[in-house]
Amino acid sequence: MIPKIHKQGSNTYGLLNYLYGKGTKEEHVDPHLVASYDGLAPDPGRDGNVSLTALQQILDQPLHLLDDDQRPPRHVWHCSVRAAPGDRVLSDADWADIARRMVAATGIDPDDGAGCRWAAVRHADDHIHIIATLVREDGRRPDHHRSGRRAQDEARRIEASYDLHRVTPGDGTAPKRPTSAEQHKADRQGRERAAREELRTAVRQALAGATSEDEFFARLHATGLLVRQRLAPSGDLLGYNVALPDDRNQAGEPVYYAGSTLSADLSLPRIRERFTTTPAEAHQHTADHGTGSNGHKPSAPATARRSATHAAWVALRIFDQDGEGATAARITATGEILDALAMTSATDTRQQLKEAAWVFERARLSHTRAEHRHGQALRLAARELLYSGPARGRGEDGATTAMLIDTLFFLMLAAAHWHAHRRHAQQAQAARQAAAHLRTAYATTSEAPLALLREQGRQIIQPVRDWYALQVHMALPDVADSVMAEAGWPALVATMAQAEQAGHDPRTLLAEAADLRELDSASSTSDVLTWRLRRMADLPADATNPRHGQSTSNTPTPQTPRQPGTSRPRR
C-alpha cells in the first residue's frame with residue numbers, strides 16, 4: 001500500500017475535474033465515488049443528475065464559516081493511495097474502508113465528530129484519490145502535521161489487515177513511480193515498462209563510465225532517444241530533457257522528461273559531479289588498461305572483465321572505509337558496472353543482469369551524498385566494459401564474466417549490510433534482490449568452466465589432493481571441512497595446483513582470499529575461493545585457455561610428476 005500526499009491546492013473543482021475526467025495522458029476507467037465524510041455525498045461519476053459543481057460546493061461549504069481573510073489560501077488536500085504491484089484487486093468496499101482509515105490517521109477526519117469534508121474517488125483498479133477541504137466543520141484547521149509519515153504508518157497497518165504485500169518503508173529518495181495513466185499507456189502500447197522507466201534506464205546506461213558531458217550526450221543520441229538541451233542566455237548548458245521517439249501525446253508531440261524528474265541523481269548538476277577523476281586515478285587506469293577518453297583502445301571483453309573484477313575486489317576490501325560519502329560513491333559506481341555488464345554480456349545471462357541493474361538502482365539512492373572521487377576506479381572499469389564490446393557466453397569471455405559476477409555478488413551483500421545498518425530498508429532490500437539475480441546469472445555462466453576445473457581436480461592423485469587439503473586446514477581451519485565436502489572442492493584443488501605451478505603459495509593465497517567479508521554468505525565457498533585464487537594468481541578464468549606460454553598439460557596430473565617442496569608428495 002503506497003500513499004502519497006500531494007501538494008496542497010486552491011481549486012477544488014479543478015481537482016475534481018481531473019479525477020472524474022479522462023486524465024492528462026490516458027482515459028480514467030469508470031470514475032466513481034467510493035466513500036465520503038458522511039457517506040451521503042453525491043457521485044457525479046455514476047449519477048448523471050449530479051454535477052461536479054454540486055460536489056465541489058458540498059466539500060467547500062466549511063470555507064463559508066470563515067471570513068475571507070481567514071480562509072487558507074491553499075485549502076485543497078489531496079492524497080492518493082495505491083496498491084503495491086502484485087496485490088489483488090480490492091473491492092469498492094475495501095477502498096472505502098482504506099480511505100476512512102487514511103483520513104483518520106492523517107488528522108483530516110479524526111474520530112471527534114467535527115473533521116474536514118472529504119471524498120474518495122476511484123478511477124482505476126489499483127488506487128484511489130482522496131480530496132478534502134482543510135477547514136473542519138467547527139471552523140478550525142485540522143491537525144495534519146506530518147500527514148505523509150502518518151499515512152505511511154497507517155499503510156503498514158492496512159497491509160497487515162488485508163494481507164497485502166508489505167511495502168518496505170522509504171526515505172523519500174526513490175525515483176518517482178509511473179502514474180496510473182503512464183502505466184496504462186505502456187500496457188496499451190505493449191511496453192514492458194512505462195516511458196519514464198525506460199528513459200531512466202537508458203540515461204543510466206549512457207552515463208555508465210562516461211567521463212565528460214560530451215560523451216554522455218553523444219551516447220544518449222546514439223541510443224536513438226530524442227534529446228533536448230536547455231541553455232541559458234549566455235549559452236551555458238542548464239539541463240536536458242529526453243523522450244522516446246514513439247511516445248507521443250494527443251497532439252502527436254514527443255513526451256519529454258527532464259533528467260531531474262527521472263531521478264534526482266540524473267539531474268545535470270548531479271551528473272557533473274561524477275566527472276571528477278583525479279589525475280592520479282586517471283593516469284593509473286590509463287597505464288594499466290588503455291588510453292584516456294579521447295583515444296580509448298577497446299580491450300577484449302575478457303580483459304575488461306578481469307579489470308572490472310580487480311576494481312570490484314579492491315572496492316570490496318575498502319568498501320566502508322574513508323567515510324559514508326566514499327561508500328555511497330562505491331555503491332553508485334558498482335551500479336555503473338552492473339549497467340555496463342548487462343549491456344555487453346551474452347544472451348544467456350543478459351536478462352538476469354538487466355534485472356539486477358534495475359533493482360539495484362534503488363540501492364544507489366539515499367540521503368548520503370556520494371563523494372565520487374572514491375568510485376572512479378569502478379567507473380573507469382565500467383567504461384572499459386562498454387568499449388570492449390559484447391562478450392561471448394563461453395570460453396574466457398564466459399569464465400571471466402562468472403568471475404566478475406562472483407565478486408559483484410559480494411559487493412551487493414556489502415551494500416545491503418551497509419544500508420541495513422543505517423536503516424535504509426528499501427535500499428538494503430534492493431541490494432539483496434540484485435544479489436539474488438546475480439546468483440542466478442552466475443549459476444548459468446560458471447557451469448562450464450567450473451565443470452572443467454572439477455574434472456582436472458579429480459585427475460590429481462590422492463596424496464597430492466590430501467596435501468592441498470592440509471593447506472586448506474592450516475589456512476582456513478573454521479571452514480575447511482565444509483569446503484572439502486562441497487561439489488566444487490576438486491575445482492579448488494586444480495586451482496591451487498595451477499597457482500602453485502605459477503609460483504604462488506596456495507596457503508598464502510587462501511588466507512588472503514578469505515580475509516574478506518561475507519564469505520559465509522556464498523552458496524559454495526569452494527567456488528568463491530576458486531575464482532579469488534584464479535584472479536589473485538593471474539590464472540586464466542577458463543582452464544582451456546592457456547596464457548603466457550602455458551598449456552593445459554601443466555595442470556598437475558599423475559602423469560606430470562613435480563616436487564615443488566620437500567614437505568609435499570610427488571605427483
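The model is predicted, so local features need pLDDT of at least 70 and side-chain atom pairs count only at pLDDT 80 or more, while totals for chains, interfaces and linings use all residues. Residues are numbered from 1 along each chain as its sequence is written, and side-chain values use heavy atoms, with hydrogens and water left out. Helices (H or I, at least four residues) and strands (E, at least two) are DSSP runs numbered from the N terminus. Buried means under 20% relative accessible area, exposed over 50%, and partly exposed in between (1.4 Å probe, protein chains only).

**Nonpolar cores**

- A nonpolar core is a set of buried Ala, Val, Leu, Ile, Met, Phe, Trp, Tyr and Cys residues joined through side-chain atoms within 4.5 Å.
- The largest such core has 57 residues, and the members that touch the most others are Ile-337, Leu-338, Phe-360, Leu-385, Leu-408, Leu-438 and Trp-531.
- At least two residues of this core come from each of the helices H11 (301–317), H12 (324–344), H13 (347–360), H14 (376–388), H15 (395–421), H16 (425–458), H19 (489–501) and H21 (525–536).
- H15 supplies the largest share of this core, 15 residues.
- A second, separate core holds 27 residues, including Ala-35, Ile-98, Ile-130 and Ala-151.
- Trp-531 has contacts (heavy atoms within 4.5 Å) beyond its neighbours within four places in sequence, among them Ala-399, Met-403, Tyr-442, Pro-449 and Ala-541.

**Arg-122 and its surroundings**

- Arg-122 is found in strand E4 (residues 116–124) and counts as buried at 7% relative accessibility.
- Its side chain makes a polar contact of 2.6 Å with the side chain of Asp-92.
- A polar contact is a pair of N or O atoms within 3.5 Å; within protein, one must be able to donate a hydrogen and the other to accept it, and residues adjacent in sequence count only if both atoms are side-chain atoms.
- The Arg-122 side chain also reaches the backbone oxygen of Ala-124 at 3.1 Å.
- Leaving aside neighbours within four places in sequence, the residues in contact with Arg-122 include Asp-30, His-32, Trp-95 and His-127.

**Helix H3**

- Helix H3 (residues 92–105) has 14 residues and should span 20 Å at 1.5 Å a residue, which agrees with the 20 Å between its end C-alpha atoms; the expected span is 1.5 Å times one less than the number of residues.
- Trp-95, Ala-96, Ile-98, Ala-99, Met-102, Val-103 and Ala-105 are the buried residues of H3.
- These buried residues pack against strands E1 (2–5), E2 (32–36), E3 (76–82), E4 and E5 (127–136), and against helix H4 (147–162).

**Salt bridges**

- A salt bridge is a side-chain nitrogen of Lys or Arg within 4 Å of a carboxyl oxygen of Asp or Glu, and the count comes to 38.
- Arg-46 forms a salt bridge with Asp-30, with the closest N and O atoms 2.5 Å apart.
- Arg-46 lies in the loop between E2 and helix H2 (52–60) and Asp-30 in the loop between helix H1 (12–20) and E2, so this pair ties together parts 16 residues apart in sequence.
- Asp-30 counts as partly exposed at 37% relative accessibility.
- Arg-204 and Asp-265 form a salt bridge with their closest N and O atoms 2.9 Å apart, and both residues are buried.
- The side chains of Glu-336 and Arg-379 meet in a salt bridge of 2.8 Å, N to O.
- Glu-336 lies in helix H12 and Arg-379 in helix H14, so the pair ties together parts 43 residues apart in sequence.
- Glu-336 counts as buried at 1% relative accessibility, as does Arg-379 at 3%.
- A network of salt bridges links Arg-200, Arg-204, Asp-265, Arg-274, Glu-336, Glu-361 and Arg-379.

**Aromatic pairs**

- Rings of Phe, Tyr and Trp (its six-membered ring) pair if their centres lie within 6.5 Å; planes under 30 degrees apart count as stacked, over 60 as edge-to-face and the rest as tilted.
- The structure holds 5 aromatic pairs.
- Phe-216 and Tyr-240 have ring centres 5.7 Å apart and planes at 80 degrees, so the pair is edge-to-face.
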